[in-house]
Amino acid sequence: MATAPDPEEILRSTRGNDNFKRITRLLSGGTSLLREIFDSICPPSNLPTILSNPVTKNQLKAAKLTMPQWHCLCPSPGVYGKSADFDVTLLVRLLRTICNLTPPTTGWDALSATEDHSSTADIARIKY
């Protein structure tokens, strides 16, 4: 019969536990920040109009979204998702694809320089 783990051992701070807590805070706070930026550029009331625009549809096709991402954006024909349902990956993809943001100096797919305090550099850091 297995014994119950020692509560002190479970709660003990370790490098792994600390890293997990940091990642959890980053994902939660990072997602909220990305959603706030996205909603300021593409207000929720305008999102269906933006997503139904043929130019936007072509941009999204070129962005090679996954099927789950497409289903999140368009759950059914004529129905569009809301940013509250978008995850970090989809928010970053939308910000860099349809929001006409200038990429950070190091590009979207690299860690931005610590001196770069632009919002696009922050988006790239969250993605990275």
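I take helices as DSSP runs of H or I with at least four residues, numbered from the N terminus. The model I am reading is predicted.

**Entry 1: the end of helix 6.** I looked at what comes after helix 6 and found Asn-100, with a positive phi near 55°.

**Entry 2: burial along helix 6.** I checked how much of helix 6 is enclosed. Eight of its 11 residues are buried, so the rest of the structure largely encloses helix 6. I noted the buried positions as Val-88, Leu-90, Leu-91, Val-92, Leu-94, Leu-95, Thr-97 and Ile-98.

**Entry 3: the nonpolar core.** I then looked up the largest nonpolar core, which has 22 residues. Leu-34, Phe-38, Leu-73, Phe-86, Leu-94 and Ile-98 have the most contacts inside this core. Two or more residues each come from helix 2 (15-41), helix 3 (47-52), helix 6 (88-98) and helix 7 (119-127). Helix 6 gives the largest share of the core, seven residues. As background, I recall that nonpolar side chains in soluble globular proteins tend to be buried together.

**Entry 4: Ile-98.** I listed the contacts of Ile-98, leaving aside neighbours within four places in sequence. The partners are Phe-38, Cys-42, Ile-50, Leu-51, Thr-56, Gln-59 and Leu-60.

**Entry 5: Leu-95.** Is Leu-95 buried or exposed? I find that Leu-95, a residue of helix 6, has a relative accessible area of 0%; the cut-off for buried is under 20%, so Leu-95 counts as buried. Not counting residues up to four places away in sequence, Leu-95 touches Leu-34, Ile-37, Phe-38, Ile-41, Asn-100, Leu-101 and Ile-123.

**Entry 6: helix 6 against helix 7.** Which residues make the contact between helix 6 and helix 7? I first took the geometry: the two axes come within 10 Å and cross at roughly 145°, and the crossing is left-handed. Helix 6 contributes Val-88, Val-92, Leu-95 and Arg-96 to the contact, and helix 7 contributes Ile-123, Ile-126 and Lys-127. I sorted the residues of this contact into five nonpolar, no polar and two charged.

Entry 7: I looked up the record last. An unreviewed UniProt entry lists residues 44-128 as "domain: DZIP3-like HEPN". Over that stretch I get 49% helix and 0% strand, and the end C-alpha atoms lie 26 Å apart.

Definitions and conventions:
Residues numbered from 1 in each chain as written. Predicted model: local features only at pLDDT ≥ 70, side-chain atom pairs only at ≥ 80, totals over all residues. Heavy atoms only, no water. Core = buried A, V, L, I, M, F, W, Y, C linked by side-chain atoms within 4.5 Å. Buried < 20%, exposed > 50% of the residue type's maximum accessible area, 1.4 Å probe, protein only. Contact = heavy atoms within 4.5 Å. UniProt positions renumbered as here; feature names shortened; annotations may be inferred. Axes fitted to C-alpha atoms, helices over the stretch in contact; angles between N-to-C directions. Left-handed = near helix turned anticlockwise from the far one by under 90°. Nonpolar A, V, L, I, M, F, W, Y, C, P; charged D, E, K, R; others polar.
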